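Let's take a friendly walk through a few local backbone features and some strand pairing.

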Amino acid sequence: MGTPEGATTGTQPDTHPRIHCAIDTDGRITFRLPPTPAARPQLLLRLRPKKGRPETTRHLLDLAPDDSDGHLRAVLEPDPALDEGRWDVCLLPEPGAERLRLRPGLRDLRALVDGHLRDRPAPVAVRIPYVTKDGFLALRAWLRTAHAEARTLDVTDRSMTVAARLHGALLQEDATVRLRLRGTDTVRSLRPRIDDDGRGFSFTAGPEDLADDGGRADRIWDAFVRPTAGAPQIRIGRLLDDVADRKHVYVYPAITRNGSTLRPYYTVDNDLAIEMTQADSPICPK
């Protein structure tokens, strides 16, 4: 069980305030924080830098009392879009003061649950409030010129079929699904089935489609769609709902045929990939 709000952790009280948030269908996030004695409080959003890199990107929001209940309120508008990455949410009691990370209160994410049903213009900007492993509130953001949203993924004993929808671009008759062997220039191209509106599409792949000619037993194939010949390829993934980290939540069965095993999965960035492994050669008894 988690530690109840207001309780102590070990022998020390938790001094991190809790902040509530709600997001609407446009990506607008409203934050609400209990009253604080700080004179000029602000909400600080900081883009978490890559390991070994300095912090460079921040976003400040003024906190103002809400006339209805006295809580402090700040609104993160849809524009400008947040850079892709993870954003920590902190309280800045006053300009120049030491920041204080915030615990999550109520998170209203209902507007995101069916987000995959709404078409998005380019660029495709996504933001999802979530709770970090150490129990603080953060935002997961994606910002892409276009995006192919995986809707369903059906796995049988012979193949996997993915149904997806393109946002920020349209598919032409010569569109292709491209499965690229990670770390190489090796690509397998598949012809998708395209819906009449030029956005929805589906494709089927099996172990025989991803037979490796590189001599490696284990490999990863990343999934893209190319809307037309010569166009930039667009990553296939699943971003448009309320799940910030999908990799260990959506787990699919494996397909084993002719000594090869195929298993689709979502990466740490919620992009679609396919893991291929080669069974060990049988050992003859001595």
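## An asparagine in a loop

N270 sits in the loop that links β23 (260-266) to β24 (272-278). Strands here are DSSP runs of E with at least two residues, while helices are H or I runs of at least four residues, and both are numbered from the N terminus. Although N270 is not a glycine, its phi is positive, at about 65 degrees. N270 is also buried, having a relative accessible area of 0%. For that term, buried means under 20% relative accessible area, exposed means over 50%, and partly exposed falls in between (1.4 Å probe, protein chains only).

## How the model is read

This is a predicted model, in which local features need pLDDT of at least 70, side-chain atom pairs count only at pLDDT 80 or more, and totals for chains, interfaces and linings use all residues. Residues are numbered from 1 along each chain as its sequence is written, and side-chain values use heavy atoms, with hydrogens and water left out.

## Two cis peptide bonds

Next, have a look at two prolines. The bond from D79 to P80 is cis, with omega near 0 degrees, and P80 belongs to the loop between β8 (72-76) and β9 (85-92).

A122 and P123 are also joined by a cis peptide bond, with omega at about -5 degrees. P123 is in the loop between β11 (103-108) and β12 (124-131).

## The partners of β21

Which strands pair with β21? Strand β14 (residues 147-155) pairs with β21 (residues 234-237) in the parallel sense, over two bridges; pairing requires that DSSP finds at least two bridges between the strands. Here E149 has G237 of β21 as its bridge partner.

Strand β20 (residues 219-226) runs antiparallel to β21, and two bridges join them. F224 stands opposite R235 in β21.
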